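Please walk through this structure with its metal sites in view. The sequence and the model come first, the explanation after.

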Amino acid sequence: MLGLKLPTDPRWVNIVEKNIEEILTDHAYCEQKATSTAISLIVSFPEYSDLVTEMTALVKEEISHFKMVHDKIIAKGWVLGRDRKDDYVLQLITFFPKGGSRTTQLVHRLLYAALIEARSCERFRLLSEELKDKELAEFYRKLMVSEANHYTMFLGFARQYGDRKDVDEKWQQLLDYEADIMKDLSKTETIHG
Ligand SMILES: [Fe+2]
Ligand SMILES: [Fe+2]
């Protein structure tokens, strides 16, 4: 349903389980970055009213996810650490050439966002199914549902604002590229690593 071409190696969960503090820290910043992305789309593309309306709602939702993760960190007696570098996202966003029309740039940003949501959703599903800590597993099950909706929304906007055929082609190319990046990942206790 998410269109991803390479599923995460389930052994990634074993790495995560050894360092819950690290995954929660990285995850908190994923939610912060999702919030920042939504704000940035509003600032960059204010004339797309449907998008601005949805991004305004998304800012609230993503920052509430950040709060949920931060609350978990505090409840466990930890303090939020510094931001982690997200190599996955840094590699992903080099796929489309820079420049092009405003619509092209918007479509590219929407497709990146859709993919990051899709992969996050897939990772959360794995955590919800495999984590031995049942409370944490349930936490990830709820978040998985939210991120699936975001994936659908971003892809829907890309198709709405761009040329449908062109967008679908680009989406398939991006999925292939992402699968290639993923071959070298699933080795660290981060949401996308
Ligand atoms: Fe989120
Ligand atoms: Fe999201």
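Donors here are N, O and S atoms within 2.8 Å of the metal (3.2 Å for Na, K and Ca); water is not among the atoms, so sites may look incomplete. The model is predicted: local features need pLDDT of at least 70, side-chain atom pairs count only at pLDDT 80 or more, and totals for chains, interfaces and linings use all residues. Residues are numbered from 1 along each chain as its sequence is written, chains are lettered from A and ligands numbered from 1 in the order in which they are written, and side-chain values use heavy atoms, with hydrogens and water left out.

Helices (H or I, at least four residues) and strands (E, at least two) are DSSP runs, numbered from the N terminus. Both His-65 and Glu-147 are buried; that means under 20% relative accessible area, with exposed over 50% and partly exposed in between (1.4 Å probe, protein chains only).

The iron ion (ligand 2) is coordinated at 2.0 to 2.4 Å by Glu-62 (OE), Glu-117 (OE), Glu-117 (OE), Glu-147 (OE) and His-150 (ND1). Glu-62 bridges the two iron ions, ligand 2 and ligand 1, which lie 3.5 Å apart. Glu-117 belongs to helix α5 (residues 102-130) and His-150 to helix α6 (residues 134-161), so they tie together parts that are 33 residues apart in sequence. Glu-117 and His-150 are both buried.

What of the cysteines? The count is zero disulfides, a disulfide being a pair of cysteine sulfur atoms within 2.5 Å. The sulfur of Cys-30 is 13 Å from the closest cysteine sulfur, in Cys-121, so the gap is too far for a bond. Cys-30 is buried at a relative accessible area of 14%, and Cys-121 is buried at 5%.

Confidence comes last. The mean pLDDT (the predictor's confidence in each residue, from 0 to 100) of the protein is 94, and 99% of its residues reach 70 or more.
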